[in-house]
Amino acid sequence: MEEKPKVVVSSRSRRSETAAREFAFVQADIRAGVLSEYRQRAWQAYTRAAMPATSDEAWRRTDLHGLPTESFRLPQPGAYEDLPPVRADLLRPLADGQHGGQIILLPGGATIDLDEKLAGQGVIFTDLLTAEQKYPELVTRMAGQTVNPEEGKFAALAGSLAQNGIVLYVPKNVRVEAPLHSVLWGPGAYAHLSHLLVLVDEGASVTYVHESASPDEPGLDTLHAGLVEIQVLQGASLKFVELQSWGKHVWNFSHERVRVERDAQLDWIFGAIGSHLTKNFSELDLAGQGAQGRMSGFYFTDGNQHLDHDTQQNHLAPNTTSDLLFKGALKGRSRSVWQGMIFVAPGAQKTDGYQANRNLVLSDQARADSIPGLEILADDVRCTHGATVGKLEQEPLFYLKSRGIPQAEAEKLVVEGFFDPIFQRIPFEGVRERFQDYIVAKMSN
Amino acid sequence: MSQLEIKNLHVSIDGKEILKGLDLTIEQGEVHAIMGPNGTGKSTLAYTLMGHPNYTVTEGEVWFKGKNILEMEADERSRAGIFLAFQYPVAIPGVTVANFLRSAINSRRRAENPEDKGIAIPEFRKLLKEKMAMLKMDSAFAGRYLNDGFSGGEKKRAEILQMATLRPEIAILDETDSGLDIDALRIVSEGVNALSGPELGVLVITHYQRLLNYIKPQFVHIMMGGRIVESGGPELALHLEEHGYDWVREKYEEVA
């Protein structure tokens with residue numbers, strides 16, 4: 001493993017009058033076990049950090065006022081038995097071919113399935129609780145490695161109290177052909193706290209699909225706070241698809257970072273259609289020379305949804321390439337925020353960084369904020385960015401209608417066309433189809 | 001036999017009257033040409049017949065198959081059998097020619113039968129291949145985004161391809177010759193001629209006589225100041241070619 005890059009955390013959060021109230025979680029909620037030292041540290045960070053307020057730069061456009069902090073409780077073991085079961089359509093393969101393994105994370109439980117051949121090759125794909133028991137060394141090697149619990153209130157919360165999670169390890173030079181799939185199913189009025197740990201060892205490759213979902217349960221207060229920590233070591237390759245279709249009552253927060261080492265490759269795909277409110281920090285650390293990372297995001301909001309994606313492409317080594325495209329459509333009174341940053345560290349020469357965010361606003365009451373940013377501390381780099389917010393125009397719709405296509409169908413075609421550049425970047429037919437289904441569902445309600 | 005009957009059509013854009021009482025009847029199987037100088041309302045007529053929302057009809061009727069189509073949405077007019085080949089076809093990024101045409105065909109089928117599953121892919125491919133061959137179009141064309149980055153000639157050919165696929169009963173060609181070199185003009189015209197017959201009524205809107213060397217109208221109308229001022233046979237177009245529009249202006253300017 002190469003030397004770890006320094007993660008600089010600037011804590012701007014300050015207690016202010018506009019902050020939401022504290023949660024009701026207590027230190028005794030921390031699970032004992034191999035990660036308890038990490039969790040105690042995270043808990044300290046959690047208690048030190050104030051609730052984010054709109055006076056914090058990163059939270060300027062996402063207000064947590066309505067967050068019913070005091071109502072959230074952690075699920076007890078077996079809680080899922082009295083809750084709606086996981087939707088069958090979430091269990092179908094999305095990437096090419098049958099699953100090599102599938103994990104369903106439930107409130108207070110999990111089901112795990114892994115192909116014996118993969119297990120025989122040393123691939124570990126299991127839930128966090130099992131991993132803590134069976135692979136304590138590995139788990140301590142993975143937790144807290146790419147996301148520092150100090151980075152924010154919700155990172156610290158998930159770090160200290162995660163009840164659920166995934167551990168995926170692919171040994172050196174093992175190329176996993178069949179995709180691995182996990183579903184985090186979060187019904188009920190609970191705090192679902194999750195922690196995903198992925199380590200793709202040198203020269204290995206894998207496709208991993210992780211989906212978070214829950215039924216719409218109006219009137220319930222549900223929280224998800226998640227950590228995603230991923231390391232792609234030298235010469236390794238990861239295709240990571242992350243989908244969220246949380247129910248429209250869910251408050252969803254996540255801190256995610258993938259570190260890509262020398263000559264390694266990451267293809268990271270996001271799809272987001274759910275939740276009441278989402279604040280997601282996704283960071284790509286290109287930590288080794290020749291590392292490449294692509295981030296492709298699809299989002300579609302309606303009603304009064306609020307989705308805030310904060311992305312960061314950190315070029316920490318020379319000859320690194322990043323390519324980000326996020327595209328979103330908005331309906332109703334919904335709101336999206338995309339705030340992106342390309343950071344090029346001193347000495348990260350011959351860097352090629354690209355970021356673009358395109359939005360299609362389908363109603364007069366919806367609003368999209370798009371804020372690109374560059375911070376370049378090297379002199380021999382190529383970094384470009386673009387951000388647009390557009391509306392559905394009359395002329396294309398009239399043109400389609402003049403060929404007999406009804407208004408609603410014409411709008412759907414234009415929206416699908418808008419998203420096509422994202423579809424072109426997705427190597428999996430199943431994921432493309434899922435996004436198409438999302439569009440149909442959003443356009444027709 | 002279907003006919004398109006335009007009666008005393010008055011149309012305004014942003015409160016300004018452009019068409020001032022236009023009358024015209026086109027039968028299936030006939031080819032009509034409307035000629036006239038720029039700014040007389042030729043394109044307004046085309047857009048109004050197709051139902052563009054920016055054009056406000058203040059008076060008049062347009063009858064087709066027993067209905068006043070002015071009361072119909074653009075997509076209903078299209079499905080009823082009216083087609084407009086646009087002077088400036090609109091780009092639809094991300095939507096391929098094939099996907100678009102399949103949607104257009106399926107919209108027709110679903111309007112007839114809401115349970116329709118849509119045209120079978122092999123059948124659609126065969127249809128598209130056949131029509132594209134007729135218009136001498138490369139098969140790769142079907143996979144390109146509609147009108148996105150098309151040359152002038154490609155756009156006009158794509159319009160005729162749509163016409164060939166959708167089989168209208170009345171086709172309005174709005175300045176189809178504009179932006180075409182002589183080869184493209186010939187291909188496009190041959191396409192239109194191949195589609196002509198007793199089933200199709202055509203209204204060619206053009207500024208120049210040039211297109212009428214390729215698409216031969218039986219009826220030629222001159223438009224001036226928002227209405228048709230002269231009607232005749234093909235000889236009228238030749239007369240315009242020779243003498244220009246000045247004599248029309250002199251004769252009718254005071255009317256306009």
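How many bridges pair strand β4 (residues 56-64) of chain B with β5(B), and in which sense? There are 2 bridges, and the sense is antiparallel. Keep that pair on screen while the ground rules are set.

This is a predicted model, where local features need pLDDT of at least 70, side-chain atom pairs count only at pLDDT 80 or more, and totals for chains, interfaces and linings use all residues. Residues are numbered from 1 along each chain as its sequence is written, while chains are lettered from A and ligands numbered from 1 in the order in which they are written.

**Stop 1**

Select B:Phe64. Opposite it stands B:Lys67 in β5(B). Helices (H or I, at least four residues) and strands (E, at least two) are DSSP runs, numbered from the N terminus. Two strands pair if DSSP finds at least two bridges between them.

Now show the whole open sheet of chain B, in the order β2-β1-β4-β5, with antiparallel pairing. β2 (16-27) and β5 (67-68) of chain B are at the edges with a single partner strand each, so one side of each has no neighbour in the sheet. Axes are lines fitted to C-alpha atoms, for helices over the stretch in contact, and angles run from 0 to 180 degrees between N-to-C directions.

**Stop 2: the sheet of 6 strands**

Move to the other open sheet of chain B, ordered β6-β7-β8-β3-β9-β10, with mixed pairing. Its edges are β6 (82-85) and β10 (227-232) of chain B; each has a single partner strand, so one side of each is left without a neighbour in the sheet. From one strand to the next, the twist averages 20 degrees.

Pick β7 (residues 170-174) and β8 (residues 201-206) of chain B. They run parallel, joined by 5 bridges. Click B:Ile172: its bridge partner in β8(B) is B:Leu203. Next, show α5(B), which packs on the sheet and touches β6 and β7 of chain B. Then find helix α7 (residues 234-243) of chain B, lying across β3 (31-35), β9 (219-224) and β10 of chain B. α7 runs at about 50 degrees to β9(B).

**Stop 3: helices around α5**

Show α3(B) with α5(B). Their axes come within 11 Å and cross at roughly 35 degrees. Select B:Val97, B:Leu101, B:Ala104 and B:Ile105 in α3(B); they meet B:Ala158, B:Gln162, B:Thr165 and B:Leu166 in α5(B). Residues are in contact if their C-beta atoms, placed from the backbone, lie within 7 Å.

The axes of α4(B) and α5(B) come within 10 Å and cross at roughly 130 degrees. That makes α4(B) oblique to α5(B), because angles under 35 degrees count as roughly parallel, over 145 as roughly antiparallel, 65 to 115 as roughly perpendicular and the rest as oblique. On α4(B), select B:Leu127, B:Lys131, B:Met132 and B:Met134; on α5(B), select B:Leu161, B:Ala164 and B:Thr165.

**Stop 4: domains and the partner chain**

Colour chain B by domain: domain 1 is 3-89 + 168-252, and domain 2 is 91-149. These bounds come from an automatic or database domain assignment. The domain centres, taken over C-alpha atoms, are 26 Å apart. Across the boundary, 6 residues of domain 1 of chain B are in contact with 7 of domain 2.

Finally, bring in chain A. 20 residues of chain B are in contact with 20 residues of chain A. On the chain B side, α2 (74-80), α3 (97-112) and α5 (152-166) each supply at least two residues.

Methods: Contact = placed C-beta atoms within 7 Å.
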